Amino acid sequence: MAVTGVFPVFNNKFKISSTGRGEGEESMVIVKEMETFSVSMDGNVEEWTPLDEEGWIRRLMTGKGFTISLSGKRYVGDPGNDYVAGLAWKTGRDCDSKAEWEFPSGAKLNFDCVVNVTSPGGGDSTNVDTLEFDLMSDGKPEYTEAV
C-alpha cells in the first residue's frame, strides 16, 4: 500500500550508477552529503491557430525533459560523491549515467541521464567544500507507482 500524507524533503532518495550506464542494481549508490534538490520540467509545446478557433491558440505537449539539480558537500571517499565529482573533468559519453529518484510515497523514477557538474568545489577558507550537479534526463524515464 502506498504511503500517504506530507513528508519532510529528506524522505526523497537519490541514487546514481557509479559505473555510468552500466547495468546492475549493485552499481546504484547514494551521493552522500547532498543538502538540497530542485526539479525543473522542460515541456515542448507545439502551438497553432486554426481558422475555426477564431484566433484562439491550440496547443499540444509533444515532448518532455527534466533536470534534477542537487547541491551539497564534497565527501572524499564516498563512492557516489567521488564518482560525480570526477565527472567534472570529463565530456561526451563519459558523462552518461543512470539515476533513480525514490519518492516518499515509495514510487520510483528510473532514468538515463547526463551528469553536468556545475561546481566541483569552492567557498571561503572556513567553509566545507561544495559539490553541485545536474542530473539531466536522457530519453523516456520509467515511473513505477508505489505499491
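Author: Let's start with Glu 47, which counts as partly exposed because its relative accessibility is 45%. Keep in mind as we go that this is a predicted model. The side chain of Glu 47 meets that of Arg 59 in a salt bridge, at 2.8 Å from N to O. Arg 59 sits in strand β4 and Glu 47 in strand β3, so this pair ties together parts that are twelve residues apart in sequence. Arg 59 counts as exposed, at 52% relative accessibility; the cut-off for exposed is over 50%.

Now look at another pair, Glu 35 and Lys 73, whose side chains also meet in a salt bridge, this time at 3.7 Å from N to O. Here the link is between distant parts of the chain: Glu 35 belongs to strand β3 (residues 34-48) and Lys 73 to strand β4 (residues 58-73), 38 residues apart. Glu 35 is exposed, at 54% relative accessibility, while Lys 73 is partly exposed, at 25%.

Next comes Asp 82, which forms a salt bridge with Arg 74; their closest N and O atoms are 2.9 Å apart. Asp 82 counts as partly exposed, with 29% relative accessibility.

Salt bridges can also join up into a network, and here one links Arg 21, Arg 93, Asp 96, Lys 98, Asp 112 and Asp 138. Zoom in on Arg 93, found in the loop between α1 (79-86) and β5 (96-102). Arg 93 is exposed, with a relative accessible area of 65%, and a polar contact of 2.9 Å joins its side chain to that of Asp 96. Altogether, the structure holds eight salt bridges.

Technical notes: Residues are numbered from 1 along each chain as its sequence is written. This is a predicted model: local features need pLDDT of at least 70, side-chain atom pairs count only at pLDDT 80 or more; totals for chains, interfaces and linings use all residues. Side-chain values use heavy atoms; hydrogens and water are left out. Helices (H or I, at least four residues) and strands (E, at least two) are DSSP runs, numbered from the N terminus. Buried means under 20% relative accessible area, exposed over 50%, partly exposed in between (1.4 Å probe, protein chains only). A polar contact is a pair of N or O atoms within 3.5 Å; within protein, one must be able to donate a hydrogen and the other to accept it, and residues adjacent in sequence count only if both atoms are side-chain atoms. A salt bridge is a side-chain nitrogen of Lys or Arg within 4 Å of a carboxyl oxygen of Asp or Glu.
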